[in-house]
Amino acid sequence: MEDFGASLKEGLGTLGSMSVKGFDRAKQFSQEKMGSAVKTEYDQDYMALSGRVESTRTWINSTSNAARNFLQPNVGARLEDMFNEKVTAAEGSNNQNIRELASKIPIRKGSAIDKRQSYSEILGATMKQGGIEIGDSTQAGQSLLEVGTTFEKIGMLEREYLSDVYSKFFKPFSNHLQVEWGTITTEKRRLDLARLDLDAAKSKVRGARTPEAMQQNEQKAVHVPAYLQTQVRECQAAYDRQYEQT
């Protein structure tokens with residue numbers, strides 16, 4: 001029972017610490033938006049790099065969407081492929097609940113770009129069926145059979161070509177957006193949070209000074225609680241580490 005009480009106390013303490021940090025971040029963010037808080041600015045090199053990354057993401061995303069439209073012009077079939085790809089990706093998720101849910105969906109998984117008949121194949125099959133019904137002894141029936149066979153061959157080559165475009169061009173772009181950009185976004189988000197923690201800690205230090213000392217610019221003579229100074233140093237170290245990693 002004592003162990004449970006200790007564990008509960010530790011858990012509540014951790015939760016309270018997280019709540020305080022979240023409140024400090026929200027307060028700092030709101031004050032920055034209103035222009036009443038000092039914000040640590042990123043250097044020009046980082047901003048230039050961040051701008052290039054964002055521009056790259058935008059154009060890769062646009063190119064990926066254009067490639068998907070080229071691979072499958074039909075909106076319904078395109079949405080079906082997108083859904084099936086999501087199901088396939090969910091089967092490899094680290095979340096067990098997501099994996100179990102994906103395994104229960106009774107549909108074809110993965111893109112059907114290499115399985116679905118092309119329009120040329122459909123046209124060819126229709127023409128051949130018409131030629132058979134009319135009869136190959138007639139000129140019309142024979143022409144339909146010959147042209148239909150040609151369109152079927154064209155359709156098979158078209159499907160092979162689209163399959164290569166999908167696997168060698170579209171998928172690398174898609175993986176870049178889903179995996180690499182997800183990692184970049186996470187690191188940028190962590191840096192933003194570390195920056196908010198640092199600025200929130202500095203704001204507490206500024207708030208601990210008296211208005212008289214602030215007006216006289218006697219910051220060295222102002223007593224700042226030790227725990228606030230420690231918090232600033234810890235936040236500064238965390239921010240520097242995340243900045244280098246990002």
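Ser64 has a relative accessibility of 7% and therefore counts as buried, the term covering residues under 20% relative accessible area, with exposed meaning over 50% and partly exposed in between (1.4 Å probe, protein chains only). The structure is a predicted model, in which local features need pLDDT of at least 70 and side-chain atom pairs count only at pLDDT 80 or more, while totals for chains, interfaces and linings use all residues. Residues are numbered from 1 along each chain as its sequence is written, and side-chain values use heavy atoms, with hydrogens and water left out.

Ser64 belongs to helix α2, residues 44-71; helices (H or I, at least four residues) and strands (E, at least two) are DSSP runs, numbered from the N terminus. When residues up to four places away in sequence are not counted, Ser64 touches Phe170, Phe173 and Leu177, a contact being heavy atoms within 4.5 Å. The buried residues of α2 are Tyr46, Ser50, Ile60, Ser64, Ala67, Arg68 and Leu71. An α-helix has 3.6 residues a turn, so residues three or four places apart point the same way.

Helix α2 has 28 residues and spans 40 Å from its first C-alpha to its last. This is close to the expected 40 Å at 1.5 Å a residue, where the expected span is 1.5 Å times one less than the number of residues.

The largest nonpolar core has eleven residues: Tyr42, Tyr46, Leu191, Ala194, Leu198, Ala201, Val205, Leu228, Val232, Cys235 and Tyr239. Such a core is a set of buried Ala, Val, Leu, Ile, Met, Phe, Trp, Tyr and Cys residues joined through side-chain atoms within 4.5 Å. Two or more residues of this core come from each of α6 (139-208) and α8 (226-245), and α6 gives the largest share, five residues. Ala194 touches Ala238, Tyr239 and Gln242, residues up to four places away in sequence not being counted. Another core, of seven residues, lies apart from this one and includes Ala67, Leu71, Leu162 and Val165.

The protein as a whole contains eight helices and zero strands. Of its 246 residues, 26% are buried. Among contacts with a separation of 6 or more, 68% join residues 24 or more positions apart. The protein exposes about 16,800 Å², of which carbon and sulfur atoms supply 57%; accessible areas come from the Shrake-Rupley method with a 1.4 Å probe, and for residues only the protein chains shown count as cover.
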